[in-house]
Amino acid sequence: MVRPRRIVLVRHGESEGNADDSVYEREPDHALRLTPTGREQAAAAGVRLRELFGTETISAYVSPYRRTLQTFRELRLDPTRVRMREEPRLREQDWGNWQDRNDVRLQKTYRDAYGHFFYRFAQGESGADVYDRVGSFLESLYRSFEAPDHPRNVLLVTHGLTMRLFCMRWFHWSVAEFEALSNPGNGEFRMLVLGPDGRYRMDRPFERWTTPEPYDLDG
């Protein structure tokens, strides 16, 4: 098995929905574009990633949403060194189809009270649902490492919640630990780096907005 040196997770740049949540009433989530700021964020990430990867090969998996595909394009990686695939299992958490802004805001309030991992949006997904499909993707990713010519780097261009759930699944974090973490900013990335002991470690943690409270405590 040829394990990659790095697994890099990139959150898409700022989207139209990040800038103005009323757009969800007119456009489907998967069709939202990057804003000019989002393109700049993706381009800046690309400068850093091109320096990081150098002349090494890359196996890239990209969420099929427009904003993630545009982010990947703005990274401007050398196409002769990148094998890119769309990967629907890395898509954003489904919040239902056409969205009423006030209803979504109300449901997000419910989610904050109920818990981000377990709360399921009406006609959409819970964080636990996303965790399950990320786990399915990981099984496929592990199998790809068996190829003797597997690239030295894996790149995932995806969404903030999906990034946290990928790391939760990889590192076997608890639900309480997941709930305490914040999404990375638009255009930010995190790396899982293979160490000399054969273990992967994150280059830097996700920010915490609270202290984890284990679910097995009384009270």
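Let's start where helix 5 and helix 6 meet: their axes come within 9 Å and cross at roughly 65°. Axes here are lines fitted to C-alpha atoms, for helices over the stretch in contact, and angles run from 0 to 180 degrees between N-to-C directions. Helices (H or I, at least four residues) and strands (E, at least two) are DSSP runs, numbered from the N terminus. You are looking at a predicted model, in which local features need pLDDT of at least 70 and side-chain atom pairs count only at pLDDT 80 or more, while totals for chains, interfaces and linings use all residues. Residues are numbered from 1 along each chain as its sequence is written, and side-chain values use heavy atoms, with hydrogens and water left out.

The crossing is right-handed; that is, the near helix is turned clockwise from the far one, whereas a left-handed crossing has it turned anticlockwise by less than a right angle. On the helix 5 side, the contact (heavy atoms within 4.5 Å) involves residues including Gly127, Val130, Tyr131 and Val134. Helix 6 brings in Leu161, Thr162, Leu165 and Phe166, among others.

Now stay with helix 6. Its 12 residues, 160-171, reach 17 Å from the first C-alpha to the last, close to the expected 16 Å, which is 1.5 Å times one less than the number of residues. Among the buried ones are Gly160, Met163, Cys167 and Trp170. What covers them includes helix 5 (127-144), helix 7 (175-179), strand 1 (6-11) and strand 4 (153-158). Just past the end of helix 6, histidine 172 takes a positive phi of about 60°.

Strand 1 and strand 4 run parallel to each other over 6 bridges, and valine 10 stands opposite valine 157 in strand 4.

Last come the aromatic rings. Rings of Phe, Tyr and Trp (its six-membered ring) pair if their centres lie within 6.5 Å; planes under 30 degrees apart count as stacked, over 60 as edge-to-face and the rest as tilted. By this rule there are 14 aromatic pairs. Take phenylalanine 117 and phenylalanine 178: their centres are 5.8 Å apart and their planes stand at 70°, so the pair is edge-to-face. Phenylalanine 117 sits in the loop between helix 4 (101-114) and helix 5, and phenylalanine 178 in helix 7, so the pair ties together parts 61 residues apart in sequence. Phenylalanine 178 counts as buried, at 0% relative accessibility.

Another edge-to-face pair joins tryptophan 173 and phenylalanine 206, at 6.3 Å centre to centre with 85° between the planes. Tryptophan 173 is partly exposed, with a relative accessible area of 22%, whereas phenylalanine 206 is buried at 5%. Elsewhere, ring pairs link Tyr24, Trp95, Tyr114, Tyr119 and Phe121 into a cluster.

Note on methods: Buried < 20%, exposed > 50% of the residue type's maximum accessible area, 1.4 Å probe, protein only. Pairing = 2+ DSSP bridges.
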